[in-house]
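Subject: The two-chain model, plus notes

Hi,

Here is the structure I said I'd pass on.

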Amino acid sequence: MDILVFVKRVPDTESKIRIDPATNSVVEEGLNFILSPYDEYALEEALRIKAAKGGKVVAVTAGREESLVILRKCLAMGADEAVLIKDPLPETYDGLRTARTIARFVQSKFPGAKLLLFGKQSVGADNSQVPSMVAELVGIGQANVVVKIEVEEDMATAYREIEGAQEKVSLTLPAVVSAQKGLNEPRYETLKGIMMAKKKEIPVVSIEELGLKPEEVAPRLAILKMDLPPVRKAGRVVTGEAAETARQIVEYLHAEAKVI
Amino acid sequence: MILTFIETREKKIKKASLELLSEARRTADGLKTETAAVLAGTGMEGLAPELASCGASQVYLLENASLDRYSTQDYAAVVADLVKKLNPEAVFFSATAMGKDLAPRLAARLGVGLASDCTILALKDGQLEYTRPIFAGKALLTFRLTSSPQIVSLRPNIFPVTPVAAAGEVIREAAQVPAAAARAEVTEVLQESGGEIDVSEADIVVSGGRGMKGPENFALLREIAGLLPRAAVGASRSAVDSGWIGHQHQVGQTGKTISPNLYLAFGISGAIQHIAGMSSSKVIVAVNKDADAPIFKVADFGVVGDLFQVIPALKEEIKKLGD
């Protein structure tokens, strides 16, 4: 069973974000970049499915050369192959553009792939668009925000998180599945894996090579502005006997803030 | 026309859908157009008066028994057919589990862009401008969509519900569900025990971090949540990663980004990824024994003290309020 895992290079969640107002983009200098955490769950699941069912796991990203680092991490974790779809544009925040690129990649390079795995969102753009869009463009079913999956030969059962409940989804393969935290506990790379990953060649595919016309990948989003959120002011801080501070909290919430 | 996709649970309209309809109505007024609502499944006509009272001029019913249970592919197909027929300026969804699953599938089907999880809508020179948090709220992105119709999802718990009387004319549409080879079908919905309210939908979130010291102490937070209306229990990443509580309770960058009326943080130091997920709460109260904890920089009201002493006293004070 061939499994494709789509991954993205994102700033570490501990990072403080700075903005360049001239370009309306995030200042990359000084940021530590990582494999998006939800993508790690997707990759781990792919490796587990492969261990049980055989086949191969291919990690794919669309981005600039800097993204090769996270593809090496995927290889070090155990992916059999990795591919970089070279995209010259910086972050466009447009899911359709990425989805069209990925859908075309799947159809032209891996038409027999049984599972297309994603993180439920990239940590950063936070769009949650690409998995569903790819499923529609390829014409297959989807299950998003998945916390458990059981894979058979041509079927899979996915448990997807919704508000206060889970939906049990029966999927005909091929299908798109996006991973949520809780799906598994991702493994660490081994030293042997890291050494092997360094030696592996990572093929690069361009958008033109996939036959995508400029109008198909033109962003549908015109960015006007990127801002930092309004800074919250620190309020009152009290200390003292528990009974008294508790009384003060409730008085504040009831009489002043009027939220209870 | 702005078409709003209405979600129901047990034949009741979700609050997020009423927020959506209210905001659509405000936007439609600015665009000098109407607001319509669309419902999928059978036996929904009884909901039309409530939708009318929140500004729906028309209520479209996509009546087909196979739509009684949610299916992304079928819903995307029937909503796309309605969009092609009505040609609305915009289609609004709630950024709920269903909306986040469905809106991108519809956008791809129509070949247009999607503004997801927006928290501010503005009209400038007759064009819609969207603002949405990125990096879980560490930054805000403002943009326009250059394709039409505009597909938009709005974050729950941000936009107020405003009653406005409208006609609410019921229009029945025969919805054709296409046959597809590769399918995904919801076969069962498994409720979580206790039917707890989700942190993303709660008005009040009572949250605990490493300072809770262990899983058994989350019962204290559940007790407080039990005393307050529409309250849920949240948690920091370290509490979740320690296995003290399920990840669906996690607030922050690899959890949920939320905007409740009140966020009560107990024993949460306030790591940057946690602050990102809750700093748009309307009121924040923090209890922590470390006076230098970063959480106090964003709290409206802070108590430096032992949460295990403050919580029981707080319960008594809240109970007094109810008497």
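Let's start in a loop: Pro174(A) lies between strand 11 (165-172) and strand 12 of chain A, where helices (H or I, at least four residues) and strands (E, at least two) are DSSP runs, numbered from the N terminus. The peptide bond joining Leu173(A) to Pro174(A) is cis, with omega about 5°.

Some bookkeeping before the rest: this is a predicted model, so I asked for pLDDT of at least 70 for local features and 80 or more for side-chain atom pairs, while totals for chains, interfaces and linings use all residues. Residues are numbered from 1 along each chain as its sequence is written, chains are lettered from A and ligands numbered from 1 in the order in which they are written, and side-chain values use heavy atoms, with hydrogens and water left out.

Back to the cis bonds. Chain B has one between Ser148(B) and Pro149(B), with omega about 0°. Pro149(B) sits in the loop that runs between strand 10 (139-145) and strand 11 (150-154) of chain B.

**Chain A**

Chain A is built from 6 helices and 15 strands. Along the principal axes, its C-alpha atoms take up a box of roughly 65 × 45 × 40 Å. Of its 260 residues, 55% are buried (buried is under 20% relative accessible area, exposed is over 50%, partly exposed is in between, with a 1.4 Å probe and protein chains only). Taking contacts (heavy atoms within 4.5 Å) between residues at least 6 apart in sequence, 70% join residues at least 24 apart. The chain exposes about 11,300 Å², and carbon and sulfur atoms supply 53% of that; these areas are Shrake-Rupley values with a 1.4 Å probe, and for residues only the protein chains shown count as cover.

As for charges, the 35 positive and 38 negative ones in chain A have mean positions 1 Å apart. Lys and Arg count as positive, Asp and Glu as negative, and His and the chain ends are not counted; each charge is placed at NZ of Lys, CZ of Arg, CG of Asp or CD of Glu.

Do take a look at helix 4 (residues 130-138) of chain A. It is largely enclosed by the rest of the structure, because 7 of its 9 residues are buried. Among them are Met133(A), Val134(A) and Glu136(A). The cover over the buried residues comes from both chains: it includes helix 3 (95-109), strand 8 (115-119), strand 9 (141-151) and strand 12 (175-179) of chain A, along with helix 4 (97-110) and strand 7 (114-118) of chain B. Just after helix 4 of chain A, Gly139(A) has a positive phi of about 85°.

Ser128(A) is buried, at 12% relative accessible area.

**Chain B**

Chain B has 8 helices and 18 strands. The C-alpha box is roughly 60 × 45 × 45 Å along the principal axes, and 63% of the residues are buried. The accessible surface is about 11,600 Å², with 51% belonging to carbon and sulfur atoms. Here the mean positions of the 33 positive and 36 negative charges are 4 Å apart.

Two residues of chain B to click on:

- Glu10(B) is in the loop between strand 2 (8-9) and strand 3 (12-13). Its phi is near 50°, positive in a residue other than glycine, and Glu10(B) is exposed, at 73%.
- Ser17(B) is in helix 1 (residues 15-31) and is buried, with a relative accessible area of 1%. Leaving out residues up to four places away in sequence, Ser17(B) touches Phe5(B), Ile6(B), Glu7(B) and Ser94(B).

**Where the chains meet**

How much area do chain A and chain B bury between them? About 7,300 Å², 58% of it on carbon and sulfur atoms; buried area here is the accessible area (1.4 Å probe) that two parts lose on being put together, summed over both. Glu163(A), Lys181(A) and Arg232(A) supply 12% of what chain A buries against chain B, more than any other three residues. The contact involves 85 residues from chain A and 95 from chain B.

Cheers
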